[in-house]
Amino acid sequence: MMKHVVIVGGGFAGVYAARGLLKRRDVKVTLISKRNYFLFIPMLHEVATGGLSGYNLAEPYRGILRGKNFSFLQDEVREVDLVKRRVACAHGEVPYDYLVLATGSTTNFFGTKGAEEHCFVLKSLEDAFRLKNQVVRKAEEAFMAKEKDVQEQKLSVVIVGAGPTGVELAIEMQELLEQICKSNASFHGRPSVYLIQRGDRVIPQIPRLQGDAERQLKKHGVHVLTGAGVTEVRKDGVVLQDGRIIAADTVVWSAGVKPSIVKTIPDVAGEKRCLVVDAYLRLLQFPEVFVIGDCATYIPEGEKTPIPMLAQVATEQGKSVGKNLARLLGKRELVPFSFKLKGQFISLGKGYGAGFIGPLKLTGFKAWWLNRTIYLFKILGAGNKLKTAWEWTLNLFTKRDACEH
Ligand SMILES: Cc1cc2nc3c(=O)[nH]c(=O)nc-3n(C[C@H](O)[C@H](O)[C@H](O)COP(=O)(O)OP(=O)(O)OC[C@H]3O[C@@H](n4cnc5c(N)ncnc54)[C@H](O)[C@@H]3O)c2cc1C
């Protein structure tokens with residue numbers, strides 16, 4: 001009988017696993033995901049700052065995963081019975097022979113008082129639209145306000161966490177707010193973007209790009225506060241550990257994510273709430289279950305820390321599991337997962353970036369252009385690639401979209 005592979009979660013990891021498997025005809029593949037489209041998450045900060053419209057970053061699964069042996073269910077998985085090999089969704093149960101869990105990550109507020117209630121996050125298209133609408137609306141309110149401190153609070157954005165997303169967002173947010181303020185000739189106030197980092201430098205994940213990021217943040221006038229922890233988020237700002245208060249109507253949380261874990265019977269996530277996998281990305285106690293992408297905790301042999309939560313990693317893990325499942329079906333030996341970071345890029349404002357591929361380091365327009373070119377290969381859907389390339393080219397000569405939608 002044809003084996004049934006169920007994949008839960010249609011992000012980078014789930015989609016690339018499905019793509020690999022669908023090359024075979026002797027397997028039935030079911031993808032279950034909450035939304036009906038794949039989303040290219042790494043570009044969300046550009047949507048939130050009016051650089052991209054956003055719709056071109058999403059592609060329906062039915063457009064990219066095809067085959068008579070493929071089914072898609074738009075549903076939320078609530079529980080997995082690992083013993084009975086069944087996945088429980090909102091609309092019913094789905095049995096499996098092999099299971100791939102690829103449910104991504106959720107924002108980690110680290111229990112910070114008020115953070116979940118008052119912060120904007122950046123995990124979905126809706127999040128990005130919500131953040132842009134807030135910033136645009138607050139700017140209009142600032143223009144109508146009489147008192148200077150009220151104007152300043154409305155035109156202040158606090159970004160908690162100076163990882164790559166925090167840095168990219170801070171610079172582009174400053175550009176958007178400057179543009180909005182300049183478009184009002186009778187207004188003489190200035191916007192403020194605060195980037196708050198607990199550690200002593202920005203982007204600790206990419207030491208090679210720290211200097212470039214710090215220079216661009218300074219050049220754009222972003223207020224970078226390092227060695228500063230946020231102890232409380234309020235409706236009207238944040239409280240720092242040294243007691244300082246920054247008044248801001250908009251606070252964005254980009255200080256961390258944690259694996260998004262589906263409930264399992266028996267509970268294999270333990271107290272640490274993580275799904276630890278072996279060298280083949282299989283659950284230790286249930287080898288017919290693969291866990292990949294941000295929701296997996298994979299510590300390579302000889303290392304002390306898990307592999308980072310990156311789209312690159314999720315994509316490679318998806319490809320690896322797709323191939324290994326095909327090997328399993330063909331009764332061939334599995335190949336352990338291995339990962340080598342090929343390079344990393346960050347955008348540092350309009351037409352400017354920094355990054356490296358192997359030993360080659362680039363900054364400025366060349367880095368920005370190469371980063372975009374690489375992304376164009378990774379955005380799914382031919383139409384989306386063309387439309388995004390067109391938007392990026394136009395953006396070099398036009399203003400950011402500052403409309404509330
Ligand atoms: C703003 C931002 C910028 C980033 N920039 C970069 C970057 O520049 N470079 C980089 O390498 N990485 C970047 N990342 C990280 C990267 O996006 C993630 O590592 C990557 O998306 C992980 O892929 P994934 O498939 O594991 O999870 P996701 O892409 O998050 O996909 C998970 C999927 O599972 C679905 N799902 C979750 N729970 C359930 C459930 N119970 N039932 C059904 N479906 C479910 C979700 O709807 C989603 O479709 C960025 C992340 C963010 C938030």
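Analyst: A residue is buried when its relative accessible area is under 20%, exposed when that area is over 50%, and partly exposed in between, with a 1.4 Å probe and protein chains only. The model discussed here is predicted: local features need pLDDT of at least 70, side-chain atom pairs count only at pLDDT 80 or more, and totals for chains, interfaces and linings use all residues. Residues are numbered from 1 along each chain as its sequence is written, and side-chain values use heavy atoms, with hydrogens and water left out.

User: Why is Leu-281 called buried?

Analyst: Its relative accessible area is 0%, and therefore Leu-281 counts as buried. Leu-281 is found in the loop between β20 and β21 (289-291); helices (H or I, at least four residues) and strands (E, at least two) are DSSP runs, numbered from the N terminus.

User: Why is Arg-273 called partly exposed?

Analyst: The relative accessible area of Arg-273 is 40%, so the residue counts as partly exposed.

User: Which residues does a cis peptide bond join?

Analyst: Most peptide bonds are trans. A cis bond joins Ile-265 and Pro-266, with omega about -5°. Pro-266 lies in the loop between β19 and β20 (275-276).

User: How do you know whether Thr-264 is buried or exposed?

Analyst: Thr-264 has 7% relative accessibility and therefore counts as buried. Thr-264 is part of strand β19 (residues 263-265). Setting aside neighbours within four places in sequence, Thr-264 is in contact (heavy atoms within 4.5 Å) with Val-80 and Leu-82.

User: What makes the side chain of Thr-264 and the backbone nitrogen of Val-268 a polar contact?

Analyst: A polar contact is a pair of N or O atoms within 3.5 Å; within protein, one must be able to donate a hydrogen and the other to accept it, and residues adjacent in sequence count only if both atoms are side-chain atoms. A polar atom of the Thr-264 side chain lies 3.2 Å from the backbone nitrogen of Val-268, so the distance falls within the limit.

User: How do you know which residues come nearest to the ligand?

Analyst: A residue is near a molecule if one of its heavy atoms lies within 4 Å of it. Of the 30 residues around the ligand, those that come nearest are Ala-13, Val-77, Asp-294, Ala-311 and Tyr-375. An oxygen atom of the ligand is 2.8 Å from a backbone N or O atom of Asp-294. For a polar backbone atom of Ala-311, the distance to an oxygen atom of the ligand is 2.9 Å, and for one of Leu-310 it is 3.4 Å. The ligand taken alone exposes 990 Å², of which the protein buries 86%; accessible areas come from the Shrake-Rupley method.

User: Which element gives the most to the shell around the ligand?

Analyst: Helix α9 does, with three residues. α1 (12-21), β2 (27-33) and α9 (311-329) each supply at least two residues of that shell.

User: What makes α1 mostly covered?

Analyst: Eight of the ten residues of α1 are buried, including Phe-12, Ala-13 and Leu-21. What covers them includes β1 (3-8), β2, β3 (37-39), α3 (61-64), α9 and α10 (365-378).

User: What is the largest nonpolar core, and how many residues has it?

Analyst: A nonpolar core is a set of buried Ala, Val, Leu, Ile, Met, Phe, Trp, Tyr and Cys residues joined through side-chain atoms within 4.5 Å. The largest has 109 residues, and those with the most contacts inside it are Val-87 and Val-167. Helix α7 (residues 164-182) gives the most to this core, with nine residues.

User: Why is this core said to lie between domain 1 and domain 2?

Analyst: Domain 1 (3-34 + 75-107 + 257-329) and domain 2 (115-255) both give residues to the core, so it lies between them. The domain bounds come from an automatic or database assignment. The centres of domain 1 and domain 2, taken over C-alpha atoms, are 35 Å apart. A second, separate core has 18 residues, among them Cys-119 and Tyr-194.

User: Why is Glu-214 called partly exposed?

Analyst: Glu-214 has a relative accessible area of 27%, and therefore counts as partly exposed. Glu-214 belongs to helix α8 (residues 210-220).

Key
Areas by Shrake-Rupley, 256 points an atom, 1.4 Å probe, with all protein chains shown as cover.
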